[in-house]
Number of protein chains: 4
Amino acid sequence: MRLEELIKLRRDFHKYAEAGWCEFRTTSVIAEFLSNLGYDVKVGREILDESSVMGRDESVIPKEIERATKQGADPKWIERMAGYTGALAVLNTGKKGPTVALRFDIDAVEVNEAKDDKHRPYREGFSSVNPGAMHACGHDGHAAIGLGVARLLAEKKDSLRGKIKLIFQPAEEGVRGGKAIAEKGILDDCDFLVALHLGLGLSTGNMAGGVAGLLCTTKFDVFYKGKASHAGAAPNEGRNALLGAANAAINLHGIAPHRNGTSRVNVGVLHAGEGRNVVPPHAMFKVETRGETEEIASYMYQRAMKIVESCALMYELEWTVKQMGESITAKSDEDLVGLICKVAKETGEFDSIESFYNMGGSDDFSWMMKRVQEKGGKASYMVLGSDIEAGHHNEYFDFDERSLLKGVVLMSQLVEKLSRFES
Amino acid sequence: MRLEELIKLRRDFHKYAEAGWCEFRTTSVIAEFLSNLGYDVKVGREILDESSVMGRDESVIPKEIERATKQGADPKWIERMAGYTGALAVLNTGKKGPTVALRFDIDAVEVNEAKDDKHRPYREGFSSVNPGAMHACGHDGHAAIGLGVARLLAEKKDSLRGKIKLIFQPAEEGVRGGKAIAEKGILDDCDFLVALHLGLGLSTGNMAGGVAGLLCTTKFDVFYKGKASHAGAAPNEGRNALLGAANAAINLHGIAPHRNGTSRVNVGVLHAGEGRNVVPPHAMFKVETRGETEEIASYMYQRAMKIVESCALMYELEWTVKQMGESITAKSDEDLVGLICKVAKETGEFDSIESFYNMGGSDDFSWMMKRVQEKGGKASYMVLGSDIEAGHHNEYFDFDERSLLKGVVLMSQLVEKLSRFES
Amino acid sequence: MRLEELIKLRRDFHKYAEAGWCEFRTTSVIAEFLSNLGYDVKVGREILDESSVMGRDESVIPKEIERATKQGADPKWIERMAGYTGALAVLNTGKKGPTVALRFDIDAVEVNEAKDDKHRPYREGFSSVNPGAMHACGHDGHAAIGLGVARLLAEKKDSLRGKIKLIFQPAEEGVRGGKAIAEKGILDDCDFLVALHLGLGLSTGNMAGGVAGLLCTTKFDVFYKGKASHAGAAPNEGRNALLGAANAAINLHGIAPHRNGTSRVNVGVLHAGEGRNVVPPHAMFKVETRGETEEIASYMYQRAMKIVESCALMYELEWTVKQMGESITAKSDEDLVGLICKVAKETGEFDSIESFYNMGGSDDFSWMMKRVQEKGGKASYMVLGSDIEAGHHNEYFDFDERSLLKGVVLMSQLVEKLSRFES
Amino acid sequence: MRLEELIKLRRDFHKYAEAGWCEFRTTSVIAEFLSNLGYDVKVGREILDESSVMGRDESVIPKEIERATKQGADPKWIERMAGYTGALAVLNTGKKGPTVALRFDIDAVEVNEAKDDKHRPYREGFSSVNPGAMHACGHDGHAAIGLGVARLLAEKKDSLRGKIKLIFQPAEEGVRGGKAIAEKGILDDCDFLVALHLGLGLSTGNMAGGVAGLLCTTKFDVFYKGKASHAGAAPNEGRNALLGAANAAINLHGIAPHRNGTSRVNVGVLHAGEGRNVVPPHAMFKVETRGETEEIASYMYQRAMKIVESCALMYELEWTVKQMGESITAKSDEDLVGLICKVAKETGEFDSIESFYNMGGSDDFSWMMKRVQEKGGKASYMVLGSDIEAGHHNEYFDFDERSLLKGVVLMSQLVEKLSRFES
């Protein structure tokens, strides 16, 4: 696997960025690639527990499938997906040995990519062609690394033992897809489960074998319904949903921090009103709360609900809340982290290796870690350093593509080591 | 003209509701109708001063023309419109006499119509098929009355004198189109100019010959630009445009009233943010300020600008304001009002007739009134009572269709009287 | 009565400004003056219905009496007041004739007077010596005019008929005292009741015989109780009363105006918190809502209560509301206004005289007007023009003292005329 | 030293609670006690660098001295204090050896103590008699421990070496006094410097030898000046300082957290307005910002200033900010912490001993630690576990008095050990 190939794959995913639950072209490209390498591939509905799916808007799916097909998704794979995205590839060595699983998340962020010559993806012609979707978090890199690892492992199949499972997860942004994969049971035979994330503040050549502080998080949408009226002639007859939502947004951001650790809240999207001269009868806003522990996460969510309820009352609005995503905290297993760091050192790719990195974000890989850990397996979430041009989720996000090869080397050598592991 | 015909016209306009500057089908139907009656008809660009056009989004025009054409707009008229809507129909009696102009506004409000069996337009199948556009202010009725009056006057052409001008104005909502018609000069030869508005709190069988308190108003859009960042991992690196806009909206609604009279402010629409887990980098909101006098309107606008500026500063945002519409105050001429009330009485259609009604709203007909009054003509804005089901601009708005015929009778008899007026 | 004497009286009241229910020195000075003129004088508890008293803080009364005594209040009058302020002086001519009552309000506003050489009361040494109390509304002038009128009428007693009643009302600011006087029944025999107010936007030499738009108003205090905690070490354990109150204040000022007329709201005072590093456990704020009609006033009050309740809920606070004052609307009787304007003209003191002035404020004289009007008497509230240096209630407020004599002349001639009135 | 004596001392300090810079009685009691033990005592101005004093309101000092004197402060000590509080007691053993300093803070919090039978200090008659001042943070205990230690050390003088310095610091709340003591240079000869804090989440019998996360903090007061006007008659003529402050408070609490660690902000006090019916012309609010590092603290302060400035602009207010206190971060020296833990274990008083406690608060002892550490000395801030009844700064705060004796034993044995320390 040469770096050029990885870059080509990454830039293809980048250009055709697809937001969570809409990764039809991405899944098709991945499935075809893996299938050609000889993996046993399953997609979409075959690898998800539908009742655990979160934050999915069914109404956009048909249009997104149409778009993906125009952009090159293979109708054969589209049909097998049955409306759901994501892929699982299994390589059975036929030899006795552990089951080792790797997970790669593949969805884009809901951001409009910068159209600006100082932004390399735009300058070099591979910026997103899909409005409202941009690989601003590096999952294009994760997917490319996953394919690179898949090729290397396929080539080395004879030297491996046990079973290898590669999971390409949909809808990680908004922590919507991870639980559905965990609940399907496809990880229940895993002895080892590992994922990585690019960037996160570590520069190229650095890495961390595990993380400590994955934040618990809840994602929800709030809908306010008031009453329209003529803003000039009958302002008192309206019930103003926009003002209710504006107050909620401001006060949500003011929830007091918790004595016991990190918390976060964000109102990422707010839409309200219909016409300039109409008292706004509707508002909706998208919220996420986070906490370092379940206690803190629960505190944040309860305070948020109180604010949502009271701001509706203030403007005499009807309100509903729709749960859109949820993830828990998780901790990498110490002995697995130790082994990872050892392998990382052996690769010769890294100048600086640390054990536990405190990332301050959330990832629904936590559901999978928990599932595997509860069954007695070991799991870890690694950080792969990569210089970045702008923060994660920023419209100017871009990363150092040299880290792609480092990721492939690290993960493939790790799988080799683990596949021969004897407990 | 029978009531049934008026109702049919009104319901057709209602079903194919078109927001301001997008009334392509409506204009086409009107132009064809008037042309068939023998009027000399001009449309779109022929009757507007382009430099006075306000609040127009060029980017949506091609799609709207396409939609209108699918919904029955005649390509012949579409071509003549040259991208602009509205119509002027002239009836020249060939006899010496005054020029009498009537104005009818034809655009819909940006509201989603209620889909509810208790709402007659929905129940009887003529509710709007165009999302985001609804005749929630009665302009469908105004247009129908205009066509009814046109037919009656065409039939009575021989008994009339001077010249009759019927103006079907686009984009009254948001006071965006009136000034462009006034500035074109097509009213400069008018001796009399009259418009009417349905409803406004008067019930069927009531009318007012003039209004006193048209509010001055300014319409503007505000754009905030901040900086996106990962809401969990780097919240401090973002600049939150959503919170800036939320603060602005709340404080705009709190501008202190003016000692000297009525003021209004509304933030009718607010859109902010891109994704749930991204610090929102963009926000836009649509505002209108109003005042009973120019002093009050100016006070409101200046306070609004201060709030817009300071809330941008608070979240370190770049900001721009785009003017979208403006109208002035106006007062109906007393002697014309007296004559209107006399005619109204003679029609036998009205139980209660008052001279000056205080409406508490704005209408860009004020630009036309001013233009005519400055040249020595007389102008008035009448109110035609009509029972309504819900307030103007509410999604359940509907009016008593019996008032359509009353409007036709009133206006046609008024034109007859005025056309024979000798000063 | 010479102007110099009136000025001296006014400046004395100004210097010893006393807020509502604390006018012990003012009442004492007035009572002594009137008693010396031969009036039959009653004070405090003798002229008030205690159950109708509003907005009184008993805890400050003893200290205020002590202060007033130090500042010259006569212990004899203090004793008769029995803790309540205000005075009633009756002049019985012994001749058959109507009962004519005049009302003068005597309390100061809760404002700290400007200490600035550009402010005449400070420059000339008669600015308030009592912190938190300032005659910023002209009641010092009203009281001085009342004494001037009292002297003139006493001198002309022989030429008068019927009975004269002079009421010096406490606690008009905050509309707290008027109802208690009305309910005592001391006006029930009045044929005529008149009051005046200085300034209000009319300049010296102008006057108005009546007012039309006295606003209904409700005054109330809100108390929020949350929970203190260490703001650094345990922010999540507090319940922040300050933030609840801040949200309430902002949203109260944003209550939508009413289609049917003028409304007002003000949060005039807000106190919250205990120490910088403590989550604020307490907040209190003083509110007033107003409306041109009872419908509007009721709408404003109900919206206010909704906001008060919801902001408490938002920060999980306990809340209580204490009613502090209330007044109703009132309208001057047209025929009495006509007569007043006639007298005003005869005095030769006024360049411009109008009938009904729209003042846009509230006065609890409305309770007395209603009481008299319900019993068949006539009442009016006059405006006495006076140039002012700054708006009413501003710390730089001062008025043109020449208006004092005009007020005395107008009122005394009016009483003369009315006392000889035969219906 | 028996526990009963310590309790008696503590309750005396508790009852006569004195806020920062006002500890005249407390200082007098302490100085007299120490002087009687034979210490060389200095007070007030003798131990402070006046130019480093922060957050002191000179205008209240005379009244506070008068109050303290009434409550038992000795005029002799009052005179020596020369207007400033705090004491330094030196015990010179005359033998060669290190200089060991202990610091005890002595001021109360600005909280009104609960008057409630469930609150022991109230029930048992030793709750604060001074409104607005309450020992809600345990400094009464610190002072008592300090006197207990002083007595034990005086008794053991012969077995000690070097020099002992006991510092009783004023105005720790609000971090106002620590820097002034550090800058005076009285610590410049110290080899060891230690302080302790009661409670902080550790229960009785626990202790920690050092802390890691003292937060940097800035304390400041904001003053807004707008313009008063009549809230009913001329609302547009006012400039509303209350609304500016309310917006500032809400948005200050919404400053986004920093990716690199803990931050805090609190608006602890807000006072605005003068009278209910006056547009509020003045507002003041007390703010503190904190951060785990200087970077974070600086970020918080800069964001706060932006909000303060913009909210003034929004309501067209003049604004000033007054710095009231500041402290930096600090870290206990590891080897000193080790030694402390060893001593703690030897005392037999503690069930659980930890090295570094993360307290999440600020203490201006950091200035003294830095001063000593920069000169080559060692410093530590210990935590003395104590069960508490309510959180620090809460009106129901109370602690387990048994911890007083544990504190005395720990500190005196530590001094013994350190005084014989040979490097």
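In chain C, eight strands form an open sheet with mixed pairing, and their order is β1-β2-β4-β3-β5-β12-β6-β11. The model described here is predicted. The edge strands of this sheet are β1 (40-43) and β11 (352-357) of chain C, each of which pairs on one side only, and from one strand to the next the twist averages 20°. Strands of a sheet pair through backbone hydrogen bonds, in either the parallel or the antiparallel sense.

Within the sheet, strand β5 (residues 192-198) of chain C runs parallel to strand β12 (residues 378-384) of chain C, and the two are paired over seven bridges; C:Leu198 stands opposite C:Leu384 in β12(C). Helix α10 (residues 334-347) of chain C packs on the sheet, where it touches β5, β6 (206-211), β11 and β12 of chain C, and the direction of helix α10 makes about 40° with that of β12(C).

Chain C also meets another chain, with seven residues of chain C in contact with seven residues of chain B.

Chain A is divided into domain 1 (3-214 + 330-419) and domain 2 (216-327), and the C-alpha centres of these domains of chain A lie 32 Å apart. The contact between them takes 13 residues from domain 1 of chain A and 10 residues from domain 2 of chain A.

The table gives the residue classes for two of these contacting sides.

| Side | Nonpolar | Polar | Charged |
|---|---|---|---|
| Chain C, touching chain B | two residues | three residues | two residues |

Conventions. Residues numbered from 1 in each chain as written. Chains lettered and ligands numbered in written order. Predicted model: local features only at pLDDT ≥ 70, side-chain atom pairs only at ≥ 80, totals over all residues. Pairing = 2+ DSSP bridges. Helix = DSSP H or I, 4+ residues; strand = E, 2+ residues; numbered from the N terminus. Axes fitted to C-alpha atoms, helices over the stretch in contact; angles between N-to-C directions. Contact = placed C-beta atoms within 7 Å. Nonpolar A, V, L, I, M, F, W, Y, C, P; charged D, E, K, R; others polar. Domains from an automatic or database assignment.
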